[in-house]
Amino acid sequence: MALQGILVVELAGLAPGPFCAMVLADFGARVVRVERPGSHYDVSRLGRGKRSLALDLKQPRGAAVLRRLCARSDVLLEPFRSGVMEKLQLGPEILQRDNPRLIYARLTGFGQSGSFSRLAGHDINYLALSGVLSKIGRNGENPYAPLNLLADFAGGGLMCVLGIMMALFERTRSGKGQVIDANMVEGTAYLSSFLWKTQKSSLWEAPRGQNILDGGAPFYTTYRTADGEFMAVGAIEPQFYELLIKGCWGMLQFPSQKTA
Amino acid sequence: MALQGILVVELAGLAPGPFCAMVLADFGARVVRVERPGSHYDVSRLGRGKRSLALDLKQPRGAAVLRRLCARSDVLLEPFRSGVMEKLQLGPEILQRDNPRLIYARLTGFGQSGSFSRLAGHDINYLALSGVLPKIGRNGENPYAPLNLLADFAGGGLMCVLGIMMALFERTRSGKGQVIDANMVEGTAYLSSFLWKTQKSSLWEAPRGQNILDGGAPFYTTYRTADGEFMAVGAIEPQFYELLIKGLGLKSDELPNQMSMDDWPEMKKKFAAVFAKKTKAEWCQIFDGTDACVTPVLTLEEVVHHDHSKERGSFITNEEQSMSPRPAPLLSNTPAIPSFKRDPFVGEHTEEILDEFGFSREEIDQLKSDKIIESNKVKASL
């Protein structure tokens, strides 16, 4: 497998970190998930392919155990707010002095610096602070967060896997690890670069919920069926729209796409 | 940069492919974007850091040009429906015989096989087929696709970058390329594995729109402020919820239990009434710096000027004064260095690219006069 022989130490967190580590495990890495003694179970349910070590990091001897693990590992993935690892004497300077090849991945909501970096938050907060949430939602309604998929998993966990893969690849040339600041506010914004890049185009000229891609168009939305189920329609191009009309009404004439 | 020296050939497509290639360019790869002659401009607007070659792949001599480029490249990224590249004699067997190190990335909606694999579609269709769309939406409303972010960009473009990075890493050991089937239906499903893994848990016991994470809970949603703006509330844990209640000026002993789902509709109305009394700025005064998990819903313009982004330098400006998000994540030693230049015009670099790849002046002129390639070099201003 692609990540054969790569050793990952994952410090247990809620959803983004576990997803990131699960992807690494799926692709062949050996993942050790470090959990707090007394935890009942892995709330993330994303423990596939991992092994679990229960360790009290708050005890100096517990931190020392982690230090020994990291000395022989390729990747450390930690989800704590900025400053927490440093307080436990487990910051990157210390662990990378032990092991210069260690890739130290820090996956948080707000990042390692900045006025919000020590605050609590969840997907919806990171999505809100990224600017992206303001674009999502139906006409006349409040902005709507699509579950915790965009910030926790896409801009968070997946973006962090990307950073780790970049660092692993770069390490094959330099022989050195790096520190990765993977945070959900910036990750979600970067994922959604298209929104900033097309900000001034006609794609977003109407208020939220009235554009082509945010629920405004009759040819790009979902419809309820007779049995209470749903169909998705995404017929943007004229030749596809024609087929949509044909499928709905046979060969009858109907108003043009732009005025319908 | 992390991808220094990596050569990528991107066959122009709509949004997922261009985003994938832009990420590679941001992190240091040299990306050649191959566009159809006669294309007016890059609809994706995701051309940062790329060079543009206008080439007619449908002509056998055009396909032959691409073959020569791929013989010397690390990654080919193609967005066409299953079978199209094979018809052009540009399938993986042929290109990888020329270059066994070539990573052949195929980024589509439905994948290289399966009953839907030759059909047209868009983000909303892939999201629907993945099983994820039915989970998203408010109580009593139809499922709602969050723009084209989940399938086009997350499950599509970003997932494909991941596959390419996996293959690049693996190639440092094996010396060989691979074929990557990156498709948006499976990519979006995999991204959302959590939904399947928690399917039977209490997290999703209610119908769509009535659960904690899909808009059902009063403590995990957005509220309108007095000035028509919005605040986002994500106070799930009891200790954060307490701070939310406190900040709202409410008393928890006068409210139903946080997790009493039957009371959620009433509580939402109550919270909405409180939020409507103050402006966004006033709410930020109250909640900024606390652990109440209450943040402003910033617009694309506001976020650029927000303290947190400013302190971190989260946004970059290019030579045309347009702002966009800085590449993520941040790498300490080999950070991404996104190009400052404007996006390329179609065919702007055709001749310089072919020259670099060993085409002679005569060959280039012949291809141009036979309309296999198009060159739209920008004339230097005097």
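How many residues does the contact take from chain B and from chain A? I looked this up first, with contact meaning heavy atoms within 4.5 Å. The contact takes 109 residues from chain B and 104 residues from chain A.

**Entry: basis.** I note that this is a predicted model, in which local features need pLDDT of at least 70, side-chain atom pairs count only at pLDDT 80 or more, and totals for chains, interfaces and linings use all residues. Residues are numbered from 1 along each chain as its sequence is written, chains are lettered from A and ligands numbered from 1 in the order in which they are written, and side-chain values use heavy atoms, with hydrogens and water left out.

**Entry: the interface.** I looked up the area buried between chain B and chain A (the accessible area, with a 1.4 Å probe, that two parts lose on being put together, summed over both). It is about 9400 Å², and carbon and sulfur atoms give 66% of it. I then searched for salt bridges (a side-chain nitrogen of Lys or Arg within 4 Å of a carboxyl oxygen of Asp or Glu). Between chain B and chain A the count is six salt bridges. Asp291(B) and Arg81(A) meet in a salt bridge through their side chains, at 3.2 Å from N to O. Helix H6 (residues 149-174) of chain B supplies the largest share of the side of chain B that touches chain A, 15 residues. Here helices (H or I, at least four residues) and strands (E, at least two) are DSSP runs, numbered from the N terminus.

**Entry: salt bridges within a chain.** Over all chains, I found 37 salt bridges in the whole structure. In chain A, the side chains of Lys50(A) and Glu10(A) meet at 3.0 Å, N to O, in a salt bridge. This pair links distant parts of the chain, 40 residues apart: Lys50(A) is in strand S3 (residues 50-54) and Glu10(A) in strand S1 (residues 7-11). Both Lys50(A) and Glu10(A) are buried, where buried means under 20% relative accessible area, exposed over 50%, and partly exposed in between (1.4 Å probe, protein chains only).

Asp98(B) lies in helix H4 (residues 92-98) and Arg67(B) in helix H2 (residues 60-71), so the pair ties together parts that are 31 residues apart in sequence. Asp98(B) is partly exposed, with a relative accessible area of 33%, and Arg67(B) is partly exposed at 34%.
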